[in-house]
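Hi there,

Here is the structure I promised to pass on.

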Amino acid sequence: LYEQGRFDEARAEWRSSLQISRELGYRRGESVAADGLATLDDDQGRYAESIAGYALANEIARETGARRG
């Protein structure tokens, strides 16, 4: 969706993924979804939201020992 320029739909899918991951306690999925939202926010000039999303993704990665790359 993102690559097709369907940003509103991509945002909705990332938010859904984030919520489902939280409900399931799937921290890796939560981190990936937060990172996806942050990338979308960054590309759309929503810098405050982007920084918060990247911070969340990094926090989860540190907590879980996951590497970002």
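Arginine 6 is partly exposed, with a relative accessibility of 35% (buried means under 20% relative accessible area, exposed over 50%, partly exposed in between, with a 1.4 Å probe and protein chains only). Its side chain meets that of glutamate 9 in a salt bridge, at 2.7 Å from N to O; the term stands for a side-chain nitrogen of Lys or Arg within 4 Å of a carboxyl oxygen of Asp or Glu. Glutamate 9 is partly exposed too, at 39%.

A word on the source: this is a predicted model, where local features need pLDDT of at least 70 and side-chain atom pairs count only at pLDDT 80 or more, while totals for chains, interfaces and linings use all residues. Residues are numbered from 1 along each chain as its sequence is written, and side-chain values use heavy atoms, with hydrogens and water left out.

The structure holds 5 salt bridges. Another of them pairs glutamate 30 with arginine 27, at 3.1 Å from N to O. Both residues lie in helix α2 (residues 27–43), 3 residues apart, about one turn of the helix; helices are DSSP runs of H or I with at least four residues, numbered from the N terminus. Glutamate 30 is buried at 7%, whereas arginine 27 is partly exposed at 29%.

Arginine 27 also meets glutamate 63 in a salt bridge, at 2.3 Å from N to O. This pair links distant parts of the chain, 36 residues apart, with glutamate 63 in helix α3 (residues 47–64) and arginine 27 in helix α2. Through shared partners, salt bridges join Arg22, Arg27, Glu30 and Glu63 into one network.

Best wishes

Methods
Helix = DSSP H or I, 4+ residues; strand = E, 2+ residues; numbered from the N terminus.
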